[in-house]
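Visitor: I am new here. Could you show me around?
Guide: Gladly; let us take a look together.

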Amino acid sequence: MRKIVFLDVDGTLVDYHNRIPESAVIAIRKARENGHKVFVCTGRSRAEMQPELWEIGLDGMIGGNGSYVEYDNQVIMHQMLSEEDSKAIVDWLHERGLEFYLESNNGLFASENFKEAARPVMRQYALQKGKTAAEVEDMEAEDALHGLVYGEELYRNDLNKVSFILNSYQDHLDSATAFPNLKAGTWGGRGETALFGDLGVKDITKAHAIEVLLEHLQASQKDTIAFGDAKVDIPMLEYCDFGVSMGNGGPEILAVADMVTDDVEEDGIYNAFEKLGLI
């Protein structure tokens, strides 16, 4: 039976230095040769998809944690923040003194002092994902956030979502109060530590986007397999017929997965594809 496979990117398909294990590339190519479809299903916007990811050979992507769906170079769905909400978020973050980046399919547009503020935060993110202090010593935000640009206009009409550095967890709680019409979330490292807050379109999830794609493909939910490593991936693991957590996953996703494979850096994708009979 041909399957439709959905792969989270960060911590699942790529490691915490933004590297793609060669074994994962081999697994995806073999699976597609066997007639299976493979999509990435990620929090990344399209601009964050480095060329190496497309060079693997993919059938398409779900981006922005479910706000964007692409199949065979065709946009199936794209739900963006309104221009009014986008401006209000930027003004609120400036007033609060929080550094941020705006996530668009056209790039990641950073606030004025994001580079300096993000340096220790992104290093902490990598540490919490299992890296050593020596490995992250020279890490910059650009090493983890592909497509990051500085000095561009921050009032925009093309945003999927906005991520901002948390000075405290209260910043996230206050963002949810300030923007009740939007979806407020957090993300961080191993153990789901909140380092960043984010704001996006309400009622958007990876699971909803998969449902939209399946309807377009006229495909069955029973033929789906999802891979992830974080709390944000749980809806897609629960929606798909079979859910796989990476060994480096947080405790929440490990608890709901049908299978736990190896760490992203220990051939987790390849080993699971093999066990599931995809290759």
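Guide: A term to begin with: buried means under 20% relative accessible area, exposed over 50%, and partly exposed in between, with a 1.4 Å probe and protein chains only. This is a predicted model, where local features need pLDDT of at least 70, side-chain atom pairs count only at pLDDT 80 or more, and totals for chains, interfaces and linings use all residues. Residues are numbered from 1 along each chain as its sequence is written, and side-chain values use heavy atoms, with hydrogens and water left out.

Visitor: Is W92 buried or exposed?
Guide: The relative accessibility of W92 is 14%. Buried means under 20%, so W92 counts as buried.

Visitor: How are the rings of W92 and F179 arranged?
Guide: Rings of Phe, Tyr and Trp (its six-membered ring) pair if their centres lie within 6.5 Å; planes under 30 degrees apart count as stacked, over 60 as edge-to-face and the rest as tilted. A search of the whole structure finds 8 aromatic pairs. In one of them, W92 and F179 have ring centres 5.9 Å apart and planes at 85 degrees, so the pair is edge-to-face.

Visitor: How many residues apart are W92 and F179?
Guide: Helices (H or I, at least four residues) and strands (E, at least two) are DSSP runs, numbered from the N terminus. W92 sits in helix 3 (residues 83-96), while F179 is in the loop between helix 7 (169-178) and strand 10 (182-187). The pair links distant parts of the chain, 87 residues apart.

Visitor: Which residue in strand 13 is the bridge partner of F227?
Guide: Strand 12 (residues 224-228) and strand 13 (residues 242-245) run parallel and are joined by 4 bridges. In strand 13, the partner of F227 is V244.

Key. Two strands pair if DSSP finds at least two bridges between them.
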